[in-house]
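Please take a moment with the sequence and the model below before reading on.

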Amino acid sequence: MPRPDAGCIWTSFQSSGKRHLLLTGGRGSGKTTLLNALAALLAEGPLPGVTTWAEPGREVRLRENGSGAWAAVGVFDPGLPGPENRMRPVEKAFRAFGMPALARAGAAAGEWTSVDEVGYLETTCHDYCAALLALMERKRLLAAVRKQDLPFLQALCQRPDVFCVDLDAPYGRLGCVIMASGLGRRFGGGKLLARLHGKPLLQYALDATGGLFARRVVVTRDPAAAALCRAQGVETVLHSQPSRSDTVRLGLEALAGHGAPPLDGCLFCPADQPLLRRETVACLALCAACAPGPIWRPAWQGQPGAPVLFPAWAFAELASLPEGQGGGAVVRRWPERVRCVPAASPDELRDVDRREDLVWLENKYYT
């Protein structure tokens, strides 16, 4: 599954309304690289705070951002168990150097501070952990947190005011249903395979949603559209049911089949929005994984549109929609639970109803 870039993480974080932004993951997950890219979006120079780095086989150093001052907070001990990271914490250094550095970060100008990273060594000094929590009360925190089974690190990532991106599995376990069951009467038939810039209309939905979801299914009445999807290895439900509610139900049933583990949410994506960007879909998925609970959808200047990503609590309502209704019925029932991610343009949310819509998009974007 591809890792989100800094722009996607920042857009998703801003949409979430959370106060702090944390990146977690195992060794080699790219936490520091992304943290530096995010810090560059926030300030021209280094953010106040601290950075750790290791001298393999020797020590771990804690450096105060901007000043260059540092102290060894871990020393290599070959007698410790384990194939790597045999570092013994230097609690005195956390107290004498780390805590004052965090205090200075809290007193610095600006609303943001940065800590890279918080891991096992930091958790051995309870006073340093308390200083970090105090810093979070004064400033907004951008931090990298090592993924380890330690109570302090887990509590830090699970705080309700934290947007925490797990770079090992950034989008969690989400499903996607591509809604491709429309008859295309206003289009004159054959809409899903109609060409835009040499590519079938349905292919744009496949491209925008590819690689982001634990499971994905296309629900369609069109045998040719089903064949296009199956040729690309995309699971497909070919049916003849009459209503939009049937499409939603069949999609959920397909995602839940074959003994698949439960999903945390599901995106319902129209098959006729060719300018929908993969970046927007990724932001919706990231929000659903890192700020679970709301119904997420894109919007242009406050006007919401499709696709819509529903959390698992809405599945039962979606599976029993009144005949002829779609997910919009659930959105209308729970307006206070809807949150939006900004679209890049109004055309990103534009669907193709008539052949002249396709001609208009071709002329505007591809000629």
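Glu117 has its place in strand S6, which runs over residues 112-118; helices (H or I, at least four residues) and strands (E, at least two) are DSSP runs, numbered from the N terminus. The peptide bond that leads from Asp116 to Glu117 is cis, with omega near 5°. Another cis peptide bond, with omega about 5°, joins Ala306 and Pro307, and Pro307 lies in the loop between strand S16 (303-304) and strand S17 (308-311). Most residues other than glycine have a negative phi, and most peptide bonds are trans.

This is a predicted model, in which local features need pLDDT of at least 70 and side-chain atom pairs count only at pLDDT 80 or more, while totals for chains, interfaces and linings use all residues. Residues are numbered from 1 along each chain as its sequence is written, and side-chain values use heavy atoms, with hydrogens and water left out.

Turn now to helix H5, whose 13 residues (126-138) reach 19 Å from the first C-alpha to the last, close to the 18 Å expected at 1.5 Å a residue; the expected span is 1.5 Å times one less than the number of residues. Its buried residues are Tyr128, Cys129, Ala131, Leu132, Leu135 and Met136. They lie on the same side of H5, because they cover an arc of only 160° around the axis, the arc being that of the directions from the helix axis to the C-beta atoms. On the other side of H5, His126, Glu137 and Arg138 are exposed.

Finally, consider the whole protein chain, which holds 13 helices and 18 strands and whose C-alpha trace spans about 75 × 45 × 40 Å along its principal axes. Of its 367 residues, 52% are buried. Among its contacts (heavy atoms within 4.5 Å) with a separation of 6 or more, 68% are between residues 24 or more positions apart.

Note on methods. Buried < 20%, exposed > 50% of the residue type's maximum accessible area, 1.4 Å probe, protein only.
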